[in-house]
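Subject: Structure handover

Hello,

Here is the structure we talked about. Please open it alongside this note.

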Amino acid sequence: MDEQLEKMVKQVQDGAKYRFIHPDLIENIARNELKKGRSWKDTVKAIRNKLHQVGSAYQPQGIDYERLYSEMKSLPQDIHNPEVRRFLIQTMGNHASTRERLQILDQFFLETLSSLSPIDSILDVACGLNPLALAWMPVTSSIQLIVCDIYVDQIEFLNAFFEHFNIHGKAFCCDLTQQVPQEKAQLGLVLKTIPCLEQIDKNIGAKILQDLPCQNLLVSFPAVSLSGKKKGMRQFYSEHFQTLLHNTGWNVSTFSFPNEQAFLIKK
Ligand SMILES: C[S@@+](CC[C@H](N)C(=O)[O-])C[C@H]1O[C@@H](n2cnc3c(N)ncnc32)[C@H](O)[C@@H]1O
C-alpha cells in the first residue's frame, strides 16, 4: 500500500464508528476517493460517508458485544430453547436489517426455503446478524454455516455464537466487491445486500449471483427505506433484479413480505 493510502486508511479508522471495519474495504474505497483529487479533509469525509451508507447506518448506536458475550455465556447450548430464542431475537434487534425481519421471522425462511428443506449447508454473504436466525431456518441438525461481513467485532461474535451453540460454522471478514467467497453450499443467502454493494461497484450484483458457488440462492431487497418510507422500492428493485438475471435462464420464485421482496433462484 502506498504511503498516502496507508495514512488515509489509518485516519478513517480513527473514528470510533469505523474502527472495526475490515481494512480491505476501507482501502478499496479510499483508493477510489483519493483519485478524485479533493482536499484531504473532504476525502476523509467522503470515505466515511460511504462506509456509513454501506455499514454504520444499520447499527448507528454500535453494538455492545461485551454485554452480548456475557449474556450468551450463561445460556443453555440449544438454540431452540425459549430463553435462547429470546436472546437471539433481542440481539438481532441491534442491526436494522435483522430488526426489520423480526416481525416476519416465523414465515420468512419457512416460506422461501420450503422447496429445499431440510438444508444442510448455507453460505450467508454480508450476513449482518442474520446467522442468529438459524433457529428459524428449515435446516438439518448438522447444518454447516459459512458467513461473512465487514465488521471484525461482529465476525468474532458470530464465531463465538457458533462455538457456544455447537454449530458447524465459520465467520470471516470479506469485502464482497473485491472477493466472492468460493466455499460451496447448498444455499447462498444474499439478503438486502446488492443495493449496498452497488454503492461501491455498479456491476457487482450480476457478478455475485453468477460467481457464488451455490446451486440455490435466496436473494432479497428492501421494500422500505431505513427511515421506514415506501418510495416505490419494491417495484424498483424487482425491475433491477430482472436486469441482473438477463439471459441466465435460471428458475426464479418470488415472495413478497411487508418490508422485503425475496427471490429464490435455482440455477
Ligand atoms: C442491509 S444489511 C443486510 C444484512 C443481512 N444480510 C440481513 O439481511 O440481515 C447489508 C450488510 O452488508 C454488509 N456490507 C456492506 N458492504 C459490504 C461489502 N463490501 N462486503 C461485505 N459486506 C458488506 C454490511 O455490513 C451489512 O451487514
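First, a definition: a residue is buried if 20 or more other C-beta atoms lie within 10 Å of its own, exposed if 12 or fewer, and partly exposed in between, with C-beta atoms placed from the backbone. This is a predicted model, where local features need pLDDT of at least 70, side-chain atom pairs count only at pLDDT 80 or more, and totals for chains, interfaces and linings use all residues. Residues are numbered from 1 along each chain as its sequence is written.

**D175**

D175 counts as buried because it has 22 C-beta neighbours inside 10 Å. D175 sits in the loop between β3 and β4. Helices (H or I, at least four residues) and strands (E, at least two) are DSSP runs, numbered from the N terminus. What does D175 touch, leaving aside its neighbours within four places in sequence? The contacts are H22, D24, L25, N28 and I150. Contact here means that the C-beta atoms of two residues, placed from the backbone, lie within 7 Å. N28 is 147 residues from D175 along the chain, yet their C-alpha atoms are separated by 8.7 Å.

**The sheet**

The sheet is open and has 7 strands. Their order is β3-β2-β1-β4-β5-β7-β6, with mixed pairing. Two strands pair if DSSP finds at least two bridges between them. β3 (168-173) and β6 (251-256) are the edge strands, and each pairs on one side only. From one strand to the next, the twist averages 15°. Axes are lines fitted to C-alpha atoms, for helices over the stretch in contact, and angles run from 0 to 180 degrees between N-to-C directions.

Strand β2 (residues 139-149) pairs with β3 in the parallel sense, over 6 bridges. Within that pairing, Q144 has H168 in β3 as its bridge partner.

Strand β4 (residues 185-191) is mostly covered, with 6 of its 7 residues buried. β4 runs parallel to β1 (residues 119-125), joined by 3 bridges. β4 also runs parallel to β5, joined by 6 bridges. L189 in β4 stands opposite D124. L189 also stands opposite L218 in β5.

**Helices on the sheet**

Helix α8 (residues 152-164) lies across β2 and β3, at about 170° to β3. Helix α11 lies across β5 (214-222), β6 and β7 (260-266), at about 20° to β7. α11 (residues 233-245) has 13 residues and reaches 18 Å from its first C-alpha to its last. That is close to the 18 Å expected at 1.5 Å a residue; the expected span is 1.5 Å times one less than the number of residues.

**Backbone points to check**

- N247 follows α11 and has a positive phi, near 65°. N247 is exposed, because it has 5 other C-beta atoms within 10 Å.
- K192 is not a glycine, but its phi is positive, about 50°. K192 lies in the loop between β4 and α9. K192 counts as buried because it has 25 C-beta neighbours inside 10 Å.
- S117 and P118 are joined by a cis peptide bond, with omega about 0°. P118 is in the loop between α7 (105-113) and β1.

Best wishes
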